[in-house]
Amino acid sequence: MIQAKDSQLYRGYRLKEALRMIFKSTDADKAETELNRWLWWASHSRIPVFHDIYKKIKRHKEHILNTIKFGLSNARIEATNNKIKLIIRKAYGFRNIQNMLDMVYLVCSNIRIPLPNRKSRNR
């Protein structure tokens, strides 16, 4: 139905789904072949948004393929950065910087401090 009504929207949907499938891939060689094909397709799509994405992906192609090859992402680092930023915002009224650093160490570590009048959970 979409293909019959709006061909550009349909092409955009197919481009988006093809890229999503490349990112789900676990085979680095196949992903590289598919990514090269997708880059050619995006550069010739005449859809401005995909042409912009084409430039960004081409610039970071090596990093994207390394992520697929090694199965690693920067999600944990981004989560830790977010925690630290929230702590800094909460620590606005602390008297010195050491108190803020102590709070960062406490929250970002696996240290469990037993609180009085609370039952400890064994893990």
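Visitor: How many aromatic pairs does the count come to?
Guide: This is a predicted model: local features need pLDDT of at least 70, side-chain atom pairs count only at pLDDT 80 or more, and totals for chains, interfaces and linings use all residues. Residues are numbered from 1 along each chain as its sequence is written, and side-chain values use heavy atoms, without hydrogens or water. Rings of Phe, Tyr and Trp (its six-membered ring) pair if their centres lie within 6.5 Å. By this rule, the count is 1.

Visitor: Is the pair of tryptophan 38 and phenylalanine 50 stacked, tilted or edge-to-face?
Guide: The ring centres of tryptophan 38 and phenylalanine 50 are 6.3 Å apart, with 65° between the planes. Planes under 30 degrees apart count as stacked, over 60 as edge-to-face and the rest as tilted. The pair is therefore edge-to-face.

Visitor: Which helices does the pair link?
Guide: Helices here are DSSP runs (H or I, at least four residues), numbered from the N terminus. Tryptophan 38 and phenylalanine 50 are 12 residues apart, in distant parts of the chain. The two helices are α3 and α4.

Visitor: What span does α3 reach from its first C-alpha to its last?
Guide: α3 has 16 residues. The expected span is 1.5 Å times one less than the number of residues. That gives 22 Å, and α3 comes close to it, reaching 22 Å.

Visitor: Is serine 45 buried or exposed?
Guide: Serine 45 lies in the loop between α3 (28-43) and α4 (48-59). Leaving out residues up to four places away in sequence, serine 45 touches Arg11, Leu15 and Phe50. Its relative accessibility is 4%, so serine 45 counts as buried.

Visitor: What is phi of arginine 46 near?
Guide: Arginine 46 lies in the loop between α3 and α4. At 71% relative accessibility, arginine 46 counts as exposed. Most residues other than glycine have a negative phi. Arginine 46 has a positive phi, near 60°.

Definitions and conventions. Buried means under 20% relative accessible area, exposed over 50%, partly exposed in between (1.4 Å probe, protein chains only). Contact means heavy atoms within 4.5 Å.
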